[in-house]
Amino acid sequence: MEMSSSSDLQILPPHVALLPSSGMGHLVPFVRLAAALARRNCLVTFITTHPTVSLSESRLVSRLLSAFPHVTPLEFHLLPLDHSTANSKDPFFLQFEAIRRSAHLLSPLLSSCSDPPLSALITDVSLASAFISITDELRLPNYILFTSSAWMLSLCLNFPTFVVNTSTNLSGGSATASDDIEIPGVPPVPKSWLPPLLLDLSNLFTTQFMANGQELIKSNGILINTFGNAEQATVAALNEGKVVNGLPPVTKIGPLAPCEFEKGSSVEWLDGQPAGSVLYVSFGSRTAMSREQIRELGDGLVRSGCRFLWVVKDKKVDREDEEELGGIVGQELMERMKDNGLVVKNWVDQGVVLAHPAVGGFLSHCGWNSVTEAAWNGVPVLAWPQHGDQSINAQVMEKSGIGMWVKSWGWGRTEVVKGEEIGQKIGEMMGNDRLKAQAANIREESRRAVEVGGGSYKELEGIIEKWKISR
Ligand code: UPG
């Protein structure tokens, strides 16, 4: 038998499969990563779960596949979820659970991707613990895409230990003497900034969060979509083993740039507004405020005297968001708003909006993609976290210098924040020249990081090198 010498070996581009979970906040970074890998000549298999929760998810996957015909879709049909066993009403968390419980069905599908064989599976963090054993059995490297900030990753890794070590009920009295969640190597997280669902240890979100936090250490690497210098120290602490021992490398690949194929139509109204004059108001893809708070927010927008583009969401899932704008916001307020603003209820292309020269500020819930997109476009942020990781992200955002956070507004749930105060803070943020200058610097820094030769560009190149196949 003839043996090939090492000089005969061909180095082939890697073949990577990507497994996103549910909701636009998790899908967006996955399609951007898929595009970044495909542009670097990797073979990409994109796992599409059926059914999806929202319309916007299926639309985005179709756009990726049309823009990159050589990205191969792999259909993953989920087991129906037994709703009586899953303790949550949130359709996105229930979908996480449906994907997790269907993990064994992915194994034969991954094995069938054999030409060429897979070099790695990149799994969304919300699915991590269910899929690491599957890839272990297949001897397939498993990488995690962490879709939030590095500080949030530190919390995720430590929370299971924190729960074991503290005998106090989190939802009851104080969690620790100082009311902070201590995390080795990075600043503590005040209890009031914890994702509120973590206060209930039996909630589905919390059980998944803890399971993932325990298993991340078994992955081959963690990719993180963070930006600028804001999280340099946190990423360093993670990589120096200060946060948890034995963690695989945490690789900074952000900010993942918005792609051409994501672009929808632009908002023409913006074209008629002066440069930097418009406040864009959006709370992401899955946050509906109470009607009362919506109306106070509208009042605040009018009082601010600023021009604004406001995307109203009345339901968590887009398919169910059917009521007319006038009914949600109220006709009187609609009338008061029409001179200075545009209020819409449909999906807008946030990438296009934030890149528009008329936009000079962003009132945001600080979903992590919104924070990275504000950084990408150099738009100052006024933070108003609503749930989940958003207070932690708001703090990272404020520390980065790109915006401000009014901490006294809380989660916008327990007490309604009045229009007068909202209007005043909007005025403060829109008139802050220091924030504008800092945001402009962060924009430049973000773009440098991902262009050829930039820090995040090189980090991703390094991983692709590792995955390359010798044959
Ligand atoms: N988006 C639009 N148009 C809209 C609304 C949203 O383009 O009308 C896009 C936006 O540009 C972004 C994504 O949808 O890319 C939304 O993501 P994000 O800003 O992170 O917010 P959520 O949709 O709320 O994301 C969920 C969680 C959030 C978390 C994030 C990533 O709610 O807290 O940080 O997922 O894990």
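This is a predicted model: local features need pLDDT of at least 70, side-chain atom pairs count only at pLDDT 80 or more; totals for chains, interfaces and linings use all residues.
Setting aside residues up to four places away in sequence, Asn142 touches Leu121, Thr123, Phe131, Ile132, Thr135, Ser219, Asn220 and Gly221. I then asked myself: is Asn142 buried or exposed? Its relative accessibility is 2%, so I noted Asn142 as buried, the cut-off being under 20%. I placed Asn142 in strand 6, which covers residues 142–146.

Next I followed strand 6 into its sheet. Strand 5 (residues 120–124) pairs with strand 6 in the parallel sense, over four bridges. I looked up Asp124 too, and its bridge partner in strand 6 is Leu145.

I found an open sheet of seven strands with parallel pairing, in the order 4-3-2-5-6-9-10. Strand 4 (72–77) and strand 10 (250–252) are the edges, each pairing on one side only. From one strand to the next, the twist averages 25°.

I also checked what packs on the sheet. Helix 4 (residues 103–112) touches strand 2 (15–19), strand 3 (43–50), strand 4 and strand 5, and its direction makes about 150° with that of strand 4. Helix 18 (residues 455–467) lies across strand 2, strand 5, strand 6, strand 9 (221–224) and strand 10, running at about 130° to strand 10.

Last, I turned to the nonpolar cores. Which residues touch the most other members of the largest core? They are Leu155 and Phe159, out of 90 residues. Helix 6 (residues 150–165) gives the most to this core, with 10 residues. Apart from this core lies another, of 34 residues, including Leu27 and Phe261.

Notes:
Residues are numbered from 1 along each chain as its sequence is written. Side-chain values use heavy atoms; hydrogens and water are left out. Helices (H or I, at least four residues) and strands (E, at least two) are DSSP runs, numbered from the N terminus. Buried means under 20% relative accessible area, exposed over 50%, partly exposed in between (1.4 Å probe, protein chains only). Contact means heavy atoms within 4.5 Å. A nonpolar core is a set of buried Ala, Val, Leu, Ile, Met, Phe, Trp, Tyr and Cys residues joined through side-chain atoms within 4.5 Å. Two strands pair if DSSP finds at least two bridges between them. Axes are lines fitted to C-alpha atoms, for helices over the stretch in contact, and angles run from 0 to 180 degrees between N-to-C directions.
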